[in-house]
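Please keep the view beside you and look up each place as it is named.

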Amino acid sequence: MANASSAQGKQQDGRQGGLVRLGIDVGGTFTDLVLLQEGQIRTAKVLSTPSPEAGVFAALDKLGPVEVDVFCHGMTVATNALLERKGSPTLFLTTAGFRDVLAIGRQNRPSLYDLTQPKPEPVVPRHHCLEVKERCSAGGVVEPLTEEEIQRVLREVGERVERDGIRAVGVGFLFSFLYPEHEQRLGAALREAFPDLHVSLSCEVAPEFREYERFSTTAIDAYLSPVLAGYLHRLAQGCRQRGIPEPLIMQSSGGVTSIAQAAAHASVALLSGPAGGVYGAAYLGWLSGYSHLLSFDMGGTSTDVALIQDGLPQVTPSAVVCGLPVQQPQIDIHTVSAGGGSLASLLPGGGLQVGPESAGSNPGPACYGRGGTAPTVTDANLWLGYLPDGGWLGDAVCLRRDLAGQAIGTLAEPLGLTLEETAVGIRTLANVAMARALRVISVERGLDPAHFALLAFGGAGPMHACALAEELGIRRILIPAFAGVLSALGMALADLRRDYRRAILQPLQQLEGEGGGSLLAQWAAPLIRQAQADLQEPGLSFSLDLRYRGQSFELEIPAQLSDPVSLLEQRFHQAHRQRYGWQDPDQEVEVIQLRLRAVQALPPVPLKAPPPLPGDPFKGERQAWTGGRMRPVPVYDRRRMGVGFQLGGPAIVEMPEATVVIEAGWTGNIDAVGTLILSCG
């Protein structure tokens, strides 16, 4: 918590303007750096490396010597380890008779009509799942956990450590979310007997009902934590050598936490990188006066979209990652495999497809000249004139249109199309996938995307924003000044956050206290004490997971501790109607869980529009695809466009880390914080 304490001290000294914040995002293709100092921004972009910390250090070295007060970091280390199944050898200890819960899972199938498609394998194989003689139920302890049983388990774990190289243990007992004592006793014994062994307890990781989801989260947490801890240890060492404070780690929920907390529970950082972009989008949208947004982050390997309402990213209490449930609060991000590096290929029937495979950073798209030969979305955008032939990405990649044409030609010939028609087809298919993703987070939740503005970022997002907005009926687009590094910017702006929860599992009416109030304050008291111990003067917000009696899934409803039960019921009915199209006020409502979000705000950063460079923003014209043909399109240099600058489409705006394609019928102007606001009609 050294970073947080330092920042808190400066806030109390009234030195907000002097606080220097650093954000670094390690993505699949590029590693992005943003430095915030007195409202001004410096950036760096380097190619990601197989060793993520090497990319971080390369970005720091490119930035040069600098004093930093707060360093916030997001990465895909945990996600990649789960995707590639490169976690640590792990044991899972569970209540006798429930060894197969991880293997059985739920009856849901990956593909409803394909009976042969296998379910994702659990991260802990069955032969590493061990049974423990103990049992609790909703009413309390049924079979005590004896000292003899603990000693037997310790002996068996010791044998597995020696024989199988076990590095982590997850513990998940029935009803430990209500009665955690058995897990806590066994966990203490394991930590004392095996100090080098990582131990994850379900009562600490995910104290929620539904044993499969809780067990899965705990197993994943144990499986990934040694890997993430090793990376964070190497990163912290390198930071100390460079005089940089050890980083705060971006969580999937949208706030940062200490490096020790992230190393202890890797499951909180599974979607660390994408969360930074959504946080940054919400912050910059609010600065520009837009609180209802669809964030659209198109990077090198995938596209992430998220819903922002009333200035806040929507957070979901759980997610499915690589086919496995993870019961941790996460920004509600929907991801599709359509990025700049997504590969275009032919289907067996001769049709064109884009993704899900990606060229990544090595070799990357064909136009990078690093050995890639298959066409990608980036190659299509370059061939269509949206990117400049001979332009540079960072300092490492020079774009070559001739190589893009050769790659696209491998598809154009069998399709019987011109290079331009094939490139348009590649771009259109990518747009279809991304528009579908935006509909998932809006239309499928009862929301009209036309009532939102689209905030586009990522290296490729602004190139596709107008086409997607027209498809969805959106009439406002926001392109931040540093759209290509917005995830790193969001990390630099993030506050400290911790999430807490407590299972309740009873009818909502039973929470009614004297005078029509509720007993929420009584349930929340231990959570509040824990939050105040973990953070300095945190801001607290509460919510309840509610459902109609007999339903299998809940809706999270905001709550105040003083809210009467009748008001909580009313909010639930309204939310249920918006999500599902119906409500039943006569049906009994159950409260499943109380949630607490605690946020320790770091000193605010008054962002300013970057001062324009001298000279004319107009760079000339180049041939680009617009209106169904190649034609001369004006090109502008974003660095020379000051506040109030206006332009109309068709046009191309080149930014240091991204390119904006403005279609005909759209107009744009630069607002006070440097965001390019595009309007249609």
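In what order do the four strands of the open sheet stand? Before the reply, a word on the basis: this is a predicted model, in which local features need pLDDT of at least 70 and side-chain atom pairs count only at pLDDT 80 or more, while totals for chains, interfaces and linings use all residues. Residues are numbered from 1 along each chain as its sequence is written, and side-chain values use heavy atoms, with hydrogens and water left out.

1. The order of the four strands is 31-32-34-35, and their pairing is mixed. Strands, like helices, are DSSP runs numbered from the N terminus (for strands E, at least two residues; for helices H or I, at least four), and two strands pair if DSSP finds at least two bridges between them. Strand 31 and strand 35 (659–662) are at the edges with a single partner strand each, so one side of each has no neighbour in the sheet. From one strand to the next the twist averages 30 degrees. As background, strands of a sheet pair through backbone hydrogen bonds, in either a parallel or an antiparallel way.

2. The pairings within the sheet. Strand 31 (residues 618–626) and strand 32 (residues 629–637) run antiparallel and are joined by eight bridges, and one place to look is Glu621, whose bridge partner in strand 32 is Pro634. These two strands form a hairpin with two residues between them, and in the turn Gly627 has a positive phi of about 65 degrees. Strand 32 also pairs with strand 34 (residues 651–654), here in the parallel sense and over three bridges, with Asp637 standing opposite Glu654 of strand 34.

3. The nonpolar cores. A nonpolar core is a set of buried Ala, Val, Leu, Ile, Met, Phe, Trp, Tyr and Cys residues joined through side-chain atoms within 4.5 Å, where buried means under 20% relative accessible area, exposed over 50%, and partly exposed in between (1.4 Å probe, protein chains only). The largest such core has 133 residues, and those that touch the most other members are Leu36, Leu454, Ile477, Ile479, Leu594, Ile662 and Leu678. Helix 13 (residues 419–440) gives the most to this core, with eight residues. Apart from it lies another core of 52 residues, including Val66, Val101 and Tyr212.

4. Contacts of Leu36. Contact means heavy atoms within 4.5 Å, and when residues up to four places away in sequence are not counted, Leu36 touches several residues, among them Leu19, Ile41, Leu489, Val605 and Leu607.

5. A pair of helices. Helix 2 (residues 52–63) packs against helix 8 (residues 211–241) at an angle of about 25 degrees, with the axes 10 Å apart; axes are lines fitted to C-alpha atoms, for helices over the stretch in contact, and angles run from 0 to 180 degrees between N-to-C directions. The two helices are therefore roughly parallel to each other, a term for angles under 35 degrees. The contact involves Pro52, Glu53, Val56 and Phe57 of helix 2, together with Tyr231, Arg234, Leu235, Gly238 and Cys239 of helix 8.

6. Backbone points to check. Two peptide bonds deserve a look: the one from Gly355 to Pro356 is cis, with omega near 0 degrees, and Pro356 is found in strand 22 (residues 352–358); the one from Gly649 to Pro650 is also cis, with omega near 5 degrees, and Pro650 is in the loop between strand 33 (646–648) and strand 34. Phe175, although not a glycine, has a positive phi of about 60 degrees, and it lies in the loop between strand 9 (168–172) and helix 6 (181–193). With 27% relative accessibility, Phe175 counts as partly exposed.

7. Thr316. Is Thr316 buried or exposed? At 18% relative accessibility, Thr316 counts as buried, and its place is in strand 16 (residues 315–316). Leaving aside neighbours within four places in sequence, Thr316 is in contact with Gln328, Pro329, Gln330 and Asp332.

Note on methods
Angles under 35 degrees count as roughly parallel, over 145 as roughly antiparallel, 65 to 115 as roughly perpendicular and the rest as oblique.
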